[in-house]
Amino acid sequence: MRSIQGVCLILDQDSLRTDADEALVQALDAGVRFFQYRAKSSSRKALYSTAARLAAIARKAGALFIVNDHVDIALAAGAHGVHLGQDDLPVHAARKIAGAELLIGISTHDRDQAMAAQSAGADYIGFGPVFPSTTKDAGRAKGLDELGSICASLSLPVFAIGGINHDNAVDTIRAGASGIAVISAVLSAPDLPGAAARMVKIADAARS
């Protein structure tokens, strides 16, 4: 399994301009190796069906694939992990269901949540929004200083999320983030493969 770092492309069903399978393949070809599938408005049956296809494609390519919110669907679809929000199952409960089979990530928005996620045994966290974001309302932008403080306080990988684009990705990773989670910077770009490849190149350069 690949390490938890670099670019995580969130395949948000409501933000996709093409079907999820095609977006995944294009991003894989561009070098992305970490994906999260999010489908807030889909039925559980449809979410499972899509997630199972995406998981199979990602595994064949040696990429990590995470399902948002649903532990059972992540397991059934053959995903590598599940990403939980603050209103989803707590980490310890998700671990009872998944055991050691799944990676468990959790979205956090302040120091207390981040420290609690680490204490509960999360494998990684998302932290943000670092910058103002139009994709999801998760409160005030935290900024790079707060991100850096969180990263320095934790021993697990921290993925920065919220308003991250090609212009601020370098500073975000250099603030201490293990990786960056992006949606609109890639999915809303006229050239999805080109935007994804550029983001991977920026992230790789920032970590070197």
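Q: In this predicted model, which residues is Phe 65 in contact with, once its neighbours within four places in sequence are left aside?
A: Phe 65 is in contact with Phe 35, Tyr 37, Ala 51, Leu 54, Ala 55, Ala 58, Ala 79, His 80 and Gly 81. Phe 65 also turns up, along with Leu 9, Leu 11, Phe 35, Tyr 37 and Ile 125, among the residues that touch the most other members of the largest nonpolar core, which has 76 residues. Helix H9, residues 192-207, gives the most to this core: seven residues.

Q: How do you know that Cys 8 and Cys 151 are not in a disulfide?
A: A disulfide needs the two sulfur atoms within 2.5 Å. The sulfur of Cys 8 is 15 Å from the closest cysteine sulfur, the one in Cys 151, so that's too far for a bond. The disulfide count comes to zero.

Q: What makes the link between Ser 107 and His 83 a polar contact?
A: The cut-off for the N or O atoms is within 3.5 Å, and the side chains of Ser 107 and His 83 are joined at 2.7 Å. Ser 107 sits in strand E5, residues 103-108. Ser 107 is at 16% relative accessibility, so it counts as buried. Leaving aside neighbours within four places in sequence, its contacts include Leu 84, Gly 85, Gln 113 and Gly 126.

Q: Why is the pairing of Lys 40 with Asp 69 called a salt bridge?
A: The nitrogen has to be within 4 Å of the carboxyl oxygen, and here the closest N and O atoms are 2.7 Å apart. This pair links distant parts of the chain, 29 residues apart: Lys 40 is in the loop between strand E2 and helix H2, and Asp 69 in the loop between strand E3 and helix H3. Asp 69 counts as buried because its relative accessibility is 16%.

Methods: Residues numbered from 1 in each chain as written. Predicted model: local features only at pLDDT ≥ 70, side-chain atom pairs only at ≥ 80, totals over all residues. Heavy atoms only, no water. Core = buried A, V, L, I, M, F, W, Y, C linked by side-chain atoms within 4.5 Å. Buried < 20%, exposed > 50% of the residue type's maximum accessible area, 1.4 Å probe, protein only. Helix = DSSP H or I, 4+ residues; strand = E, 2+ residues; numbered from the N terminus. Contact = heavy atoms within 4.5 Å. Polar contact = N/O pair within 3.5 Å; in protein donor to acceptor, adjacent residues only side chain to side chain. Salt bridge = Lys/Arg side-chain N within 4 Å of Asp/Glu carboxyl O.
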